[in-house]
Amino acid sequence: MGPLIKRPFLALSIAIAMILGTSGAIAATTSPTAKPSVKATAKPVPKKPVVKATAKPVLKKPVVKKRPIYRWKPVGVTPSPAPRWSPKSFYKNGEVYVRTPSTTELLGVL
């Protein structure tokens, strides 16, 4: 039902706009008239000789080679080297690594 009401309203508003818009264009307007102007005596201008353009040699632009497109190649992750285990002078006692000091190390501590 809404669009049926809008159509007559739209048609009526367009008709009013056309009537009011054309009333100003009917009035007569005065156009400006050209007035003759008085010129001072003109001096004769000497004509310059026409010089024809000489044909210039056409220089060809050097051909620009396209640069190659470098794409990164995927690099695999290298694993770190396994540590050397067990350290020198250590030995495994069950789940624990043990180091027993030598006699010279014991004498140096005292």
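Modeller: Methionine 18 lies in helix α1, which spans residues 2–22; helices are DSSP runs of H or I with at least four residues, strands are runs of E with at least two, and both are numbered from the N terminus. This is a predicted model, in which local features need pLDDT of at least 70 and side-chain atom pairs count only at pLDDT 80 or more, while totals for chains, interfaces and linings use all residues. Residues are numbered from 1 along each chain as its sequence is written, and side-chain values use heavy atoms, with hydrogens and water left out.

Methionine 18 has a relative accessible area of 56%, so it is exposed (buried is under 20%, exposed over 50%, partly exposed in between, with a 1.4 Å probe and protein chains only). Together with Leu10 and Ile14, Met18 makes a nonpolar surface patch of about 320 Å². Such a patch takes residues with over 30% relative accessible area and no salt bridge, joining nonpolar side chains (Val, Leu, Ile, Met, Phe, Trp, Tyr) within 5 Å and like charges within 9 Å. The areas come from the Shrake-Rupley method with a 1.4 Å probe.

Charged side chains come next. Side chains of opposite charge can pair when their charged atoms come close. The whole structure has 1 salt bridge, meaning a side-chain nitrogen of Lys or Arg within 4 Å of a carboxyl oxygen of Asp or Glu. Arginine 99 and glutamate 105 form a salt bridge at 2.8 Å, N to O. Arginine 99 is partly exposed at 39% relative accessibility, and glutamate 105 is partly exposed at 35%.
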